[in-house]
Amino acid sequence: MKKLNIALLLAVIALAVYLSVLSPTAMQSLQAGFLSFLAPFLRTGTAVQEQIGSMGKGLKTLDEVEADNRKLTEVNRVLLTTNNLLREIEAENNRLRLALEYRERSVFRLMAARVIARDASTWWNTVKINRGFEDGVETDQPVLTDVGLVGKTTTVSKNESIVVLVTDETCRVAAKVEGTREQGILSGMRVQDSGSNGELQLNFLTKNAALEPGQKVYTAGISNGVFPSGILIGKVKEFRTRPLDGQAIVEPAVDISQTEDVFVVVGAK
Amino acid sequence: MKAVAGALAACIGVFAAFLLQQALPAIHVLHGARFLFVPMIFCYAAMALPFPTMLLAAFFTGLLSDLMYLNVVDGRVEIALGCSIVFFVIYGSIANGFRPSYLRGHWWPVIPLSVICTWSFLLMQFAMISLRREGFVFDPAILWRLFAPGLLAGLFAPILHAIVKPFSALIPETPWRTREY
């Protein structure tokens, strides 16, 4: 190998080592800069993803096609299209009205945000939203919807932020179970089933907790914690007894794959 | 001339691959495995480019990869910036060893190289996050997510070659016999 090649190789390795010893804050600053640069591409990418995702939904079996055909002969095509359009607008209107009502009645100061990208990584569950430090968003602020908890902000750039979802293994939340004195630490799973809403694990419960499926799980709101008390996280799906403690499997309240609008808790009212 | 154009094309290709990966949803029938085009494109570039330009491509790919997947929770970084750069430099050096063969027209080593590179990259990420968290978790879905993207990369590698070849022929270069390896 040429001497120049060896020198270049060592230089690149040295640069990589230098980057690896940067503080987490410096790394986040670099990532925030990169995120700002990437944002226009991500927004376009999300639009493409939505188009691709909706392609499969249009595929139907022959029976369904026949059934559709029978229906379509009975109903005027123009009226049906118009009706569908109106329904879509009505659904959006209802969704936004609910969100607005939730913001008004909430005890928190909420900032509305839109999901601009869903993470395409294999191991992490994150989304990117269209609010950054210019809008007043900071690191470690809870993100929720009118239905329940979504996650918390991590890297915050000028106009975008990364939200680590409650379904991620690294997002840990102090949680309590409705109607009991049970409290534990809730986190996501390393790998979530891609076809479902995901599952959460509530650990460190007492062994004789005997939780029933359907019981609601809320944030416990520990002092100096990220999440305020009383935000719905999900419902108990299953309770298991382990040698040292009890564990509940919780179904998240929010279906993040379908969520487009979220709120960042930027303070108390 | 060709090396500069190649390096530029590799960097643009890697960036476009990141955006494409971002846009493509997980494959439900493969237990949530995803398309990973970046290691495949990098392998092709590492085989086709001279060593110094390969290093540039490795640095660019690694840095983008780390910035894209950097996960900082509670002040803790799971995969530090720079780890992927080292990975791509090491793997690129191995792939660059196949360059003489590639210049003689044997492009097919890009297939096994892409498969192994994608597997190794995902295994590295999985090992690093497992060591940072509470240990290794084994689940059929994890195996699918580790190995299916590599096989998909192997399937797409010939298509990548078919796309790159006509463009490569447009830029003149010295015949391979006069090259220094």
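At what angle do helix α1 of chain A and helix α4 of chain B pack? The model is predicted: local features need pLDDT of at least 70, side-chain atom pairs count only at pLDDT 80 or more, and totals for chains, interfaces and linings use all residues. Residues are numbered from 1 along each chain as its sequence is written, and chains are lettered from A and ligands numbered from 1 in the order in which they are written.

**First selection: the helix pair.** Select residues 3–20 of chain A and 83–96 of chain B; these helices, α1(A) and α4(B), pack at about 160°, their axes 8 Å apart. Helices are DSSP runs of H or I, at least four residues, and strands are runs of E, at least two, numbered from the N terminus. Axes are lines fitted to C-alpha atoms, for helices over the stretch in contact, and angles run from 0 to 180 degrees between N-to-C directions. The angle therefore makes α1(A) roughly antiparallel to α4(B) (a term for angles over 145 degrees).

Next, display A:L9, A:V12, A:I13, A:A16 and A:S20 against B:C83, B:I85, B:V86 and B:V89, which make the contact (C-beta atoms, placed from the backbone, within 7 Å).

**Second selection: the chain interface.** The contact takes 40 residues from chain A and 43 from chain B. On the side of chain B, α3(B) gives the most, with 8 residues.

Methods:
Parallel < 35°, antiparallel > 145°, perpendicular 65-115°, else oblique. Contact = placed C-beta atoms within 7 Å.
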